[in-house]
Amino acid sequence: MASNESGNFESVVGSLFFGEIDEKLIFPFPHFSDAQVEMAKEMTAAVDQFAKDNINGEKFDTESHIPNEVIAGLGELGLLGMAVPEELGGLGLDYTLYCRLFAQVASYDASVATMIGAHQSIGYRALLNEGNEEQKKKWLPLLSSGKVIAAFCLTEPGSGSDAYSIKTKAVDNKDGTYTITGQKLWITNGGLAGFYSVYCKTDHEVDGKTVEKISCFIVEKERVGVSFGEKENKMGIRGSETRAVYFDKVVVPKENIIGELGKGFKIAMNVLNSGRLSLGAGCVAGMKTVLALATEHATNRKQFDRPIAEFGLIQQKLAKMAEMTYAVESIVYLSTGNMTKGMNDYYMETAVCKVYGSECLWQTVDMGMQIAAGNGYMKEYPYERIMRDSRIQLIFEGTNEILRCLLALSGVRGPSEDMKELGKISEVSSALQDPIKSLGVFTKFARKRLSNMMGSKQLTKAHPELKEQADKFSSCLGKFAIAVEDSLIKYGKKIIDNELPQGRLADMVIDLYVMIAVISRTTAILNSSKATQDQKDYVLRLTKQICKDARRRVTRNAKSMSKNSDKAVIKISESVVKYGGYGLDIIDF
Ligand SMILES: Cc1cc2nc3c(=O)[nH]c(=O)nc-3n(C[C@H](O)[C@H](O)[C@H](O)COP(=O)(O)OP(=O)(O)OC[C@H]3O[C@@H](n4cnc5c(N)ncnc54)[C@H](O)[C@@H]3O)c2cc1C
C-alpha cells in the first residue's frame, strides 16, 4: 500500500496480504545516520562498562533479585527513559536506537531486560502515548530517572489471552473520583513499582443501555487499598520480580485516567506493540550471546582429535543460528526504520518480530545447548539459565498462538472487504475456477489473480546478485495472495473459527517479511563501501539460505491450504481430550 500525502503509510506486512509490495518502504534498508552511529556507540559502550561492573545474571537468578543500586545505576545511564523526550528527563531515542540499546542490555541479562522492558516498553508506555501534558510533566521525569518504577497491569486470574474479559472494575463516584477493585496476576515489577497502569472495566451509556468498556488508570502504590502478593517462584527471568497486585476499593481522582475513558483496550494493545518490538530486539541480543558462546565452545572443544566446529552436524547448527540471527535482526530494524519514517499502523510488524524472534531465539538456545552438550546441562555454565530465561518470550506480551491468529485475521480483513465488492462468494468461487473466462465479469479481481499467479510483483531494487531470491519472493508473494483469497472463499466468515489455516497464513506472511527484509538489508551491504568482500560473501550466503528455507515453507504452507490433514488433527485432539491424555497403554492391546 502506497504512502499517503501526509507521509504516513500503512503496514508493509498488511500490504503483503493483498499481494502488494511498495518498494519505497523496503529499499533502501534503513541505515543508522552518522549521528545515530555515534550515539549508539557511545551508549552501548556505557552499557558494556556498566554491565561488566554491575550486572551479574547468575547472581540475580540465584538470589531472585536485582539489587536496588543496579536499578538506580540503570536510571542514571538513562536506560529507564529511553523513549521519553529529553525535556522530560529521557534520552528521546527513536525506535531504532531504542531497540539497539535495549538489545545491548538484553545481551547481558534477560531479567534486567525484562525489568526495564516492563517499566518503559509497557509500564508507563500508555502515559507516554496517551497521557496529557500535566500527567507527563508530573510523572515522566520520575519514571525516566528510575525514582519511580512502573508496571503494566492487565492480566487477571480469569483473563490471560482473552484480555477483554478482565473483571477489575473502576466505579465512577460522581465526585471526580473512581473506586477500583480487582486483582491483577503475574505483574512484572509488581512490588517494585510505584506507578501502576491499571486496565479496568468502566460503565458507559450507549443507546440508553449500560455497557462495560475498558479504561486505563494510573494507580500510585501509596494509595489505600493497594497491596501485592509474594514474589512468584518462576522458571526463568528469576531476577525480575513477578507478583499479583490487589486493588481493594482504591480511590483515584479522575485526573489519573490515561487517554479517553472507554478506550483502554486500544491503549493496551498499542502499548503491547512497543513491548513486542523491544522483545524482538531482545531476542536478537540473546541469539548473539548464545551464538558467541556456542562458537567459542565449538572451536575449543576437541573430540576425535578435532575441534567439534569442524564436524558437519555442528557446522549446520552454527550456520542455522547465524541465519536466524540475521533474519530476526533484519525484520526488527526494517520495522523500526519504517516506524520512524511514519508507518502509522505497525501492530502486524511488531507481532511478526515477537513471534519469529522468540521462536528463533528458542531454537538458537536449543542448538547452543546441544553444542555445549554435557557442559550446557550443568548450572556452572550459562546455557541452562539462558534456556530458562528464553522460554517466556513465546508466552508473554501476547502468546505466539494469539499473535498468529491476530496476524492472519487482521491481514485478511482488507482483502475480504475487496472481495465483498465482487458479490456472492459462490460466484467468485466459480470465476476463480477459470479466471480468464471470467475476465468480463470480474475484470479487476481476475486480473489481479492472474498477476498473482504469475508472481508479477517484481523487486526492481534488489541487488543483481539476489535476482533469484527476489524472483522467488515475487512468486511466493503471488502464492500467498492466492492462498488468502482461497481461504476467504473456502471459509468466508468462518475463517475466524479455523485456526489451522490462520496459522499457515501467519507463517507465510512471516516468511515473506523475512525474505524481503534480508534481501533489502543484504542489498544495502553489497552496495556498501564499508563492508569487506568477506563480509559481503557472508551475508550473501546467509540471505540465500534464509530465502531458500523461507520459500520452502511458503510453498509447503500454500499447498497445505487445500491439501492438509486438519480434520484428522482436530479429531485426534478430540480423542486426547476425551481420554484425558494419551489414553493408551502398551499392555492393553
Ligand atoms: C513471567 C511473566 C510475566 C508477566 N508479566 C505481565 C505483566 O507485567 N503484566 C501483565 O498484564 N501480564 C503479565 N503476564 C501475563 C502474560 O501476559 C500472560 O501469561 C499471557 O498473556 C497468557 O495468558 P495465560 O498465561 O493466562 O494463558 P492462557 O490465555 O490461559 O492461554 C493458555 C494457552 O492457550 C492458548 N490460547 C488461548 N486462547 C487461544 C486461542 N483463542 N487460540 C489458540 N490458542 C489459545 C495460549 O496461546 C496458551 O498456549 C506475565 C506472565 C508471566 C509468566
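Residues are numbered from 1 along each chain as its sequence is written. Because the model is predicted, local features need pLDDT of at least 70 and side-chain atom pairs count only at pLDDT 80 or more, while totals for chains, interfaces and linings use all residues.

Student: How far apart do the C-alpha centres of domain 1 and domain 2 lie?
Tutor: The domain bounds come from an automatic or database domain assignment. Domain 1 covers 55-398 and domain 2 covers 402-574. Their C-alpha centres are separated by 31 Å.

Student: Which element gives the largest share of the side of domain 1 that touches domain 2?
Tutor: Residues are in contact if their C-beta atoms, placed from the backbone, lie within 7 Å; the contact takes 15 residues from domain 1 and 17 residues from domain 2. Helices (H or I, at least four residues) and strands (E, at least two) are DSSP runs, numbered from the N terminus. On the domain 1 side, α10 (312-341) and α11 (347-372) are the elements that give two or more residues. The largest share, seven residues, belongs to α10.

Student: Which elements each supply at least two residues of the shell around the ligand?
Tutor: The shell holds 20 residues, with Thr155, Gly160, Ser161, Thr399 and Glu401 the closest; a residue counts as near if its C-beta atom, placed from the backbone, lies within 6 Å of the molecule. Domain 1 and domain 2 each contribute at least three residues to this shell. The elements asked for are β1 (150-153), β3 (177-188) and α14 (400-420).

Methods:
Contact = placed C-beta atoms within 7 Å.
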